[in-house]
Every structure is written in structure tokens, then in C-alpha cells.
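Please keep the sequence and the structure in view while reading.

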Amino acid sequence: MTQVPPRIANILLNALKGGVVPRVGLEYVTVGRTLEIDAILHDIEMIADGGASFRFIVGKYGSGKSFLLQTIRNYATAKGFAVVDADLSPERRFAGTKGQGLATYKELIQNLSTKSKPDGGGLPLVLERWISGIMTQIKGESPDLSDIAFHQEVERKIFAVAGQLEGMVNGFEFAKAIAMYWRAYREDDANLKSNVLKWFRGEYPTRREAKEDLGINFTVTDETWYDFLKIMAMFLVGAGYKGLLVVIDELVNIFKIPNSISRQNNYEKILTMYNDVLQGKAKHIGFLMGGTPQCIEDKYKGIFSYEALRSRLAEGHFATADTKDLTAPIIRLNMLNQEEVYVLVEKLRDIHAKLYHYEPILNHEDLLYFLTVEYNRVGANTHITPREIIRDFIELINILHQNPQKTVADVLGSNSFTLAKGGLSDEDVHKDFVDFEI
């Protein structure tokens, strides 16, 4: 097994035990999902070539939906993309009367991640590295330029990138802000830099304040934030990145909006983004949105309640749970099968042992017995999820490590297994345990 750095191992185990998806180290515990990941990686290649993509990742709670989204996020940053991500909430939506759309934009930009800044907050670094990269390039090409000529050449290249944005909706203001950031960089004006970043992040409450500070009579709003994401994607390509991936999870918070008009306004915003992608109006940008089957398919409150989206997203007549079309806009996640879960708990066992410096004490039979207990709980056939199994397993290995005098049988006990199976004898327990094959 690949050596996992202790810091990453600790984050992984703590996050998974708490039922949340860690932002780092997912490559050490990813199992299954090969076909789904391949389909999304193909989308990412298309984004790098100047295209756009839009996918819904749909799965039950605990099925690994958020895990897959974070895995793709980490892959994209490693391959030279910029990634913005946000979880929707009552305060963060696509549209709203109280600035909820703008709040989503702010969260996305705050979480801007790149290969060298994988934990978010990457906007200042993107701008600084872009400008310093241009300066380094010009010095290498023309080392004998005077200071005045050098700065003029840097400015020419910066304005060339900015000029490409001016034809886009709100692109002129965006280009003006880029030029202003260059001026602040050249003059080492920290206050002006801060104001420009504030503008990019959508933090100016009124146009008047932006006009006073920057001379830009425009701000990001609930109505314009999506256009700004498209401009940001084009700028990032000009700054040397391959494109922008937008990852949005917890679509269920749109489903939960009690007011039908508000829900429809949010679905209309999704439709706008979806149409832009399919009609070729968006470039170098991809969208991944995570939600539960109910928040997609419910005909009264889900995305399918909006007929324009339902007609575009509904599957044809030939796809089934076993035969899926992975080029469709909706990728549905099945639960990990038992073989995949076995591989996962085996990985977690080894990570835990390496982190706490001991030889793994759970053998093949112990892992099988643990999974037998998990899968034979009442209702497990329809309700058990990888999240629950992972949580239980980490709890098990924590207890065994902290109480070395105990065995797996002491912790799992025949009582829990008998209860799960409805009162089996020890002989039956052993038989079921042996017959459980991975």
C-alpha cells in the first residue's frame, strides 16, 4: 500500500469517522466508481479543449456522492484547472430575494483552489502568479529592456488578456479591474489590491462604493454572478490554467424551499446554465452538481417539477440501473458493492495501523466477520450506506487499538449478530460468516 503521510491519515480518519468528506487524501481510499470517474474525466478533457460540461451526480445520502465530487475536484486541480466549490444552504442558492445567489458566488470564489493552493483562497495567488509569470517571461525574452519599456510590454500582455474579455457580458468591467490590479501590483499599493480583490469576490454592497474606490460603476449581483463565473473561466485560461470546474453540492436545499415561485426561479437559473453549456455559449467551464434522487425526480418540488429541465434531463427508454448511459447529464450512483466495501475497509485498517505505528491486527476473517454483521443488520439491504459502514469500522479499530486486551468477537459480540439475524445459533453464525464471500 502507498505510504500515507501521517497528517493526511489523521485528517482522513477523523473526517470519515465524523461522516464528512475530507478535502485531501481521497486518492488513498477511493474504490469503485471507475466508469463514473472516467466519464467525468472525459468532460474535463473537453473543458481544457475549450468546451463546457454540465453533470448532475445523483445518489442517496451516504452513497459516496460528495466523496466523488471531492475526488474529481482534487484531480482537476492536480491537472492544472482552477476549481470553485460550494454547498448550497438556506442562505446560499442560485437565486433569491435576499442575496442568496450572490452568497453562493462569494462562497465559490472564496473556495477557489488550484494545484498550489488546494485548500481554497486562491484568487490573490492566481493574480500574483499570473503577473509575475508575465514579467519573468518578458525578462527572459528581452533582458535588455529599459524599466519603462519593460513595464509597457508587461502592460501590453496584461491588456491583451483583458481585451479578450471585453466582448463578454460585463467583460469590460472585469477587464478594467484586472488592469487596476496590475497598477496596484506595479505601485505596491496594498489598499488598492485589497479593494480590487473585494470587487472580484462580490463584496461591494453597492455600485456607489465600488465607483468611489475603483471607478467601476458595477458590482456582482444576484442577477449577474453566473456571467461573472463565465468571465472568470476565460480569464483563468488566459492566466495559464486549463479551465474552471464549478462543484456545487447539496441541491436538496433547493428542493426544500417552501415557496414554489422561489424554487422555480432557482430551477430557471440552472436551466440557463445548462442551456449555455449545451448550446456552446460557455467555454472552458464545467459544472458538477450533487443531489439526492428525490431532489431531482420529485414531480412536485424537485428539478423535474420544472418541465423545461425535466424534458432535457429525463432518461430515454433503454437505460436501466445496470445499463447506464454515462454520457447523459445525470450520473446515478449505485451503492458500493460488498467487494468494493471490503477493499475500502482493508485500506482504512492499514491507514490506521500506519498512523498509530502498529501491525494490523484485523485479518481477512475479521474483516469478513465485521461486514457480515453490518450487512445482516435489520434493514441493511435497503438502507445501509458506505458512510455508516466506514463510521462503524473506524470506531471498531479505534476501540481495539485503545483496548488491546479485547478481540473482534468481544467488540462485535454474538449478541449484535444474533439480533441482526433474528436469533441464530453459534453454528449458524459461523456458517453465515464462512459463506460470506468477497
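This is a predicted model: local features need pLDDT of at least 70, side-chain atom pairs count only at pLDDT 80 or more; totals for chains, interfaces and linings use all residues.

Residues are numbered from 1 along each chain as its sequence is written, and side-chain values use heavy atoms, with hydrogens and water left out.

**Second largest pocket**

- The second largest pocket has a volume of about 360 Å³; a pocket is an open set of points on a 1 Å grid over the protein atoms alone, with protein on both sides within 12 Å along at least five of seven lines.
- Its lining numbers 19 residues, of which Val 21, Ser 66, Gln 70, Asp 87 and Asp 249 are the closest to the centre; a lining residue has an atom within 4 Å of a point.
- Helix H3 (65-78), strand S2 (82-87) and strand S3 (244-249) each contribute at least two residues to this pocket's lining, and H3 gives the most, with four.
- Helices (H or I, at least four residues) and strands (E, at least two) are DSSP runs, numbered from the N terminus.
- The lining of the second largest pocket has nine charged, six nonpolar and four polar residues. Ala, Val, Leu, Ile, Met, Phe, Trp, Tyr, Cys and Pro count as nonpolar, Asp, Glu, Lys and Arg as charged, and the others, Gly among them, as polar.

**Largest cavity**

- There are two cavities of 30 Å³ or more; a cavity is a set of grid points where a 1.4 Å probe fits but cannot get out.
- The largest cavity holds about 340 Å³ of space, a volume being the space filled by probe spheres set on points joined across faces, edges and corners.
- Of the 22 residues that line the largest cavity, Ser 63, Gly 64, Phe 67, Pro 386 and Ile 390 are the closest to its centre.
- H3 and helix H18 (386-402) each supply at least two lining residues of the largest cavity, with the largest share, five residues, coming from H3.
- The lining of the largest cavity comprises twelve nonpolar, seven polar and three charged residues.

**H7 with H8**

- Helix H7 (residues 171-187) and helix H8 (residues 190-200) have axes 9 Å apart and pack at an angle of about 155°. Axes are lines fitted to C-alpha atoms, for helices over the stretch in contact, and angles run from 0 to 180 degrees between N-to-C directions.
- H7 and H8 are therefore roughly antiparallel; angles over 145 degrees count as such, under 35 as roughly parallel, 65 to 115 as roughly perpendicular and the rest as oblique.
- H7 passes H8 in a left-handed crossing, in which the near helix is turned anticlockwise from the far one by less than a right angle; clockwise is right-handed.
- Among the H7 residues that meet H8 are Phe 174, Ile 178 and Tyr 181, and the H8 residues include Leu 192, Val 196 and Phe 200; contact means heavy atoms within 4.5 Å.
- The contact of H7 with H8 has twelve nonpolar, three charged and no polar residues.

- The axes of H7 and helix H10 (residues 225-238) come within 10 Å and cross at roughly 50°, which makes H7 oblique to H10.
- The H7 crossing of H10 is right-handed.
- Gly 171, Phe 174 and Ile 178 of H7 touch Phe 228, Ile 231, Met 232 and Phe 235 of H10, a contact of six nonpolar, one polar and no charged residues.
- The axes of H10 and helix H12 (residues 260-278) come within 11 Å and cross at roughly 30°, so H10 is roughly parallel to H12.
- H10 passes H12 in a right-handed crossing.
- Trp 225, Tyr 226 and Lys 230 in H10 meet Lys 269, Thr 272, Met 273 and Asp 276 in H12, and these divide into three nonpolar, one polar and three charged residues.
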